[in-house]
Amino acid sequence: MIRLDGVGQVFEGRAGEVRALEGIDLHVQENEFVTVIGRSGCGKSTLLRLIAGLLPPTSGGVEVAGEAVSGPRRDVSFMFQRPALLPWRSVISNVMLPVEISGGDAGRGQTDKAQYRDRAHELLELVGLQGFERRLPHELSGGMQQRVSLCRSLIRSPKVMLMDEPFSALDALTRTELSAELQRIQMELATTIVFVTHSIEEAVVLSDRVVVLTPRPGRLREIVEIDIPRPRSLGQNAHLTEVAQISGHLHSLLSEQERPVDLPEARR
Amino acid sequence: MTKRSWLTHSRTAAVLLPVLGLILALALWWLATIVFSIDAYLLPNPGEVVGSFLDQPGYLLEHTGVSLVETVEGFLLSIALLIVRSVIVERLLYPLLLAVNAIPKIAIAPLLVVWFGFGQWPKVLMVLLVCFFPIVISTATGMKSTPVELVELLRSLNASRTQEFFKLRLRYAMPQIFTGLKVAISLAVIGSVIAEFVGATSGLGYVISQSGASADTALAFAAMTLLSIVAIVLFYALVLLEHLLLPWARETR
């Protein structure tokens, strides 16, 4: 579904070149849940933006669904760390924003807004937000806002969902809840997900494979397969030993890296 | 609860305190005219001011109407100018705009009379001159205030530049644009009076300068009071409009 071949990214900083990513080869299968993990400044977000077509790679090539990525695609959705809701729009019209901006996905018929409206209601129900359709974002809690953002990224039934630390700004409990919901949704809707996080727990609970990046320049350190049966959760878990083992392994991979230079994470 | 918290937090107090302040000020004013037995041509008491209005309400309201129309026209014209402006013209004219804004408007007023005569035009132009700058500045600031993640969201949805402008940047700038409009509307009233001072045959500014010449201070006060009322009404009209148009802005900013 996603193919990265020798991808590198160099930013022109004020203090000279910053090599954000170097020689990244990665294939993500259809319906696979891949987590990218690494210290801050290792180019995780950059990697996601390359796949999203928000940023052209300095070297190498990015393919989604067999086509070279040259810009944002309508079958790829992006979810941000912050909910990024338009404050003047109600919940439902925030969810409908992608359809309004650039139409639906090819399979569903371009202009059938009513159909998408039904779909939006379904999605909001799926994340437990029925009855909140007419509310404005500021009337919702952080967790609810991020759920709206999740619905927005699902509205066009994307083949690929790119998620940039979507739960990192939430409290621990909401985060656990949303991770569980995301797993359920992925199993139900069969989407390919690339998920960036700095939380080892999140990576272990959510992913089929975990990609560990080294910082500056971001290189592939190791790809760890996780074949613990789903659904997984941190709270009640039938496979605590496996979770603990893999978490330990990831932890040692991340901590054996030398401490990164104290620079803000380069994004563009 | 202590008395102090009632005065600062209660809604009744929020309405009563300003009214009380106004009454106190009027009472002090009245008292001062009696205690120091000040002549009416120096400082009329509030009763004389009201009396002066009641003597010729039609005349005063007519001139209020003239000032109001000039103010609103100039204000709307400056908004219209803002809408039709282009980036190139803006860059071209920005230094000129700064320069014009630095000149005291009272100095330009006689020139406007020389160029455009005694009619309504020089007044409307004066209002435009004082209004335009705060509106331009607040709009420009507002346009730059869009959060990065929202811009990135629209990019990730393949939004066109036009969509980005109308669906995001302009909407996001609205609260700041309104701040500029509120500053501008207060200045607009001043602008119309300045223009009327210099060369006019109607308007509240004209009434004030005429009453000064004939030492009819009570009439001047009546005209000034009407002017304040016009300014307050226009200001709160904008506040109301903002309230209706931007219900989201009250909570998020």
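These legends describe close-up views of a predicted model.

**View 1. Chain A as a whole.**
Chain A holds eight helices and 10 strands. Its radius of gyration is 18 Å, close to the 18 Å that the globule rule gives for 268 residues, so chain A is as compact as a globular protein of that length. Along the principal axes, the C-alpha atoms fill a box of roughly 50 × 45 × 35 Å. Buried residues make up 41% of the 268 residues. Now take the contacts in chain A with a separation of 6 or more: 73% of them join residues 24 or more positions apart.

**View 2. The six-stranded sheet.**
Six strands of chain A form an open sheet with mixed pairing. Their order is β6-β7-β8-β3-β9-β10. Which strands are at the edges? They are β6 and β10 (219–225), and each pairs on one side only. Neighbouring strands of this sheet are turned by 15° against each other on average, direction ignored. As background, strands of a sheet pair through backbone hydrogen bonds, either parallel or antiparallel.

**View 3. Strands β9 and β10.**
Strand β9 of chain A covers residues 209–214. Six bridges join β9(A) to β10(A), and the two run antiparallel. Look for A:V212: it stands opposite A:E222 in β10(A).

**View 4. Two helices on the sheet.**
Helix α5(A) packs on the sheet, where it touches β6 and β7 of chain A. Its direction makes about 165° with that of β6(A). Helix α8 of chain A spans residues 240–255. It lies across β3, β9 and β10 of chain A and runs at about 175° to β10(A).

**View 5. Helix α5 and its surroundings.**
Helix α5 of chain A has 13 residues, 142–154. At 1.5 Å a residue, α5 should span 18 Å; its end C-alpha atoms are 19 Å apart, which agrees. Is α5(A) mostly covered or mostly uncovered? It is mostly covered, with 10 of its 13 residues buried. Among the buried residues are A:Q145, A:V148, A:C151 and A:L154. The buried residues of α5(A) pack against β6 (76–79), α2, α3, α4 (113–126), β7 and α6 of chain A. An α-helix has 3.6 residues a turn, so residues three or four places apart point the same way.

**View 6. A:M96 between two helices.**
A:M96 sits in the loop between α2 (91–95) and α3 (97–102) of chain A. Why does A:M96 count as buried? It has 20 C-beta neighbours inside 10 Å. Leave aside its neighbours within four places in sequence, and A:M96 is in contact with A:Y116, A:R117, A:A120 and A:I155. A:T58 is 38 residues away along the chain, and the C-alpha atoms of A:M96 and A:T58 are separated by 34 Å.

**View 7. Two loop residues with positive phi.**
A:N31 has a positive phi of about 65°, although it is not a glycine. It is found in the loop between β2 (16–28) and β3 (33–37) of chain A. A:N31 counts as partly exposed because it has 15 C-beta neighbours inside 10 Å. A:E165 is not a glycine, yet its phi is positive too, at about 45°. A:E165 lies in the loop between β7 (160–164) and α6 (172–189) of chain A. With 20 other C-beta atoms within 10 Å, A:E165 is buried.

Terms used:
Residues are numbered from 1 along each chain as its sequence is written. Chains are lettered from A and ligands numbered from 1 in the order in which they are written. This is a predicted model: local features need pLDDT of at least 70, side-chain atom pairs count only at pLDDT 80 or more; totals for chains, interfaces and linings use all residues. Helices (H or I, at least four residues) and strands (E, at least two) are DSSP runs, numbered from the N terminus. The radius of gyration is taken over C-alpha atoms; the globule rule is 2.2 Å times the number of residues to the power 0.38. A residue is buried if 20 or more other C-beta atoms lie within 10 Å of its own, exposed if 12 or fewer, and partly exposed in between; C-beta atoms are placed from the backbone. Two residues are in contact if their C-beta atoms, placed from the backbone, lie within 7 Å. The expected span of a helix is 1.5 Å times one less than its number of residues. Two strands pair if DSSP finds at least two bridges between them. Axes are lines fitted to C-alpha atoms, for helices over the stretch in contact, and angles run from 0 to 180 degrees between N-to-C directions.
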